[in-house]
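Hi,

Here is the structure I promised to pass on.

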Amino acid sequence: MRLVHAALWVSDLDRSLAFYEALGMEAGLSDTMDGVEKVYVGDGEGSLQLKHDPDCEREIAPDRTAVDHVSFSVEDLDATVDAAVEAGGSIVSAPTHVAEADSAFAFVADPDGHTLEFIEGL
């Protein structure tokens with residue numbers, strides 16, 4: 001078994017695409033079904049499906065009781081966090097080094113508030 005993708009609702013598809021592309025992901029397949037636009041962004045191994053309903057009148061508000069975070073392995077934690085902030089994200093938890101695991105991690109919210117974890121050293 002392998003994970004194919006995770007899906008996230010977004011309030012502004014262009015803004016979200018720009019954010020994830022600034023992190024090095026590439027847009028791939030896209031389609032519209034029942035008025036919902038979907039675009040897949042990924043790195044060749046895994047992907048996120050960004051879903052946008054242009055007729056939705058309620059604010060996108062991620063529910064951390066349903067999905068806490070999405071985690072990514074990164075080469076350069078500081079550069080990734082900087083890129084995320086420059087692209088419209090916000091720091092949830094600053095980079096932290098874990099000596100026992102010889103790794104470091106940080107949490108960043110994307111423009112819609114979805115929490116992303118970036119891990120260096122995996």
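This is a predicted model: local features need pLDDT of at least 70, side-chain atom pairs count only at pLDDT 80 or more; totals for chains, interfaces and linings use all residues.

Strand S1 is the top contributor here, giving three residues to the lining.

Now for the largest pocket. It holds about 520 Å³ of space, and its lining is made of 19 residues. Nearest its centre you'll find Met-25, Asp-43, Ser-71, Phe-72 and Ser-73. By class, that lining has ten nonpolar, seven polar and two charged residues. Three strands each put in at least two residues: S1 (5-9), S4 (47-52) and S5 (70-74). Which strand gives the most to this lining? That would be S5, with five residues.

One of the residues near the centre of the largest pocket, Ser-71, also has a partner worth a look. The side chain of Glu-117 makes a polar contact with the side chain of Ser-71, at 3.1 Å. Glu-117 sits in strand S8. Is Glu-117 buried or exposed? Its relative accessibility is 12%, so it counts as buried, the cut-off for that being under 20%. Leaving aside residues up to four places away in sequence, Glu-117 touches His-69, Val-70, Ser-71 and Phe-72, and also Phe-105, Ala-106 and Phe-107.

On to helix H1, which covers residues 13-22. Leu-13, Ser-16, Leu-17, Phe-19 and Tyr-20 are the buried ones there. Looking down the axis of H1, these buried residues fall within an arc of 160°, so they line one face of the helix. The general point behind this is that an α-helix has 3.6 residues a turn, so residues three or four places apart point the same way.

At its start, a side-chain oxygen of Asp-12 comes to within 3.2 Å of the backbone nitrogen of Asp-14. Just after the helix, Gly-24 takes a positive phi of about 100°.

Positive phi also turns up at two aspartates. Most residues other than glycine have a negative phi, so these are worth a click. Asp-34 has a phi near 55° and is found in the loop between S2 and S3. With a relative accessible area of 77%, Asp-34 is exposed. Asp-102 has a phi near 50°, and its place is in the loop between strand S6 (90-98) and strand S7 (103-109). Asp-102 counts as exposed too, at 57% relative accessibility; the cut-off for exposed is over 50%.

Cheers

Key: Residues are numbered from 1 along each chain as its sequence is written. Side-chain values use heavy atoms; hydrogens and water are left out. On a 1 Å grid over the protein atoms alone, a cavity is a set of points where a 1.4 Å probe fits but cannot get out, and a pocket is an open set with protein on both sides within 12 Å along at least five of seven lines; lining residues have an atom within 4 Å of a point. Grid points are joined across faces, edges and corners, and a volume is the space filled by probe spheres set on the points. Helices (H or I, at least four residues) and strands (E, at least two) are DSSP runs, numbered from the N terminus. Ala, Val, Leu, Ile, Met, Phe, Trp, Tyr, Cys and Pro count as nonpolar, Asp, Glu, Lys and Arg as charged, and the others, Gly among them, as polar. Buried means under 20% relative accessible area, exposed over 50%, partly exposed in between (1.4 Å probe, protein chains only). The arc is that of the directions from the helix axis to the C-beta atoms. A polar contact is a pair of N or O atoms within 3.5 Å; within protein, one must be able to donate a hydrogen and the other to accept it, and residues adjacent in sequence count only if both atoms are side-chain atoms. Contact means heavy atoms within 4.5 Å.
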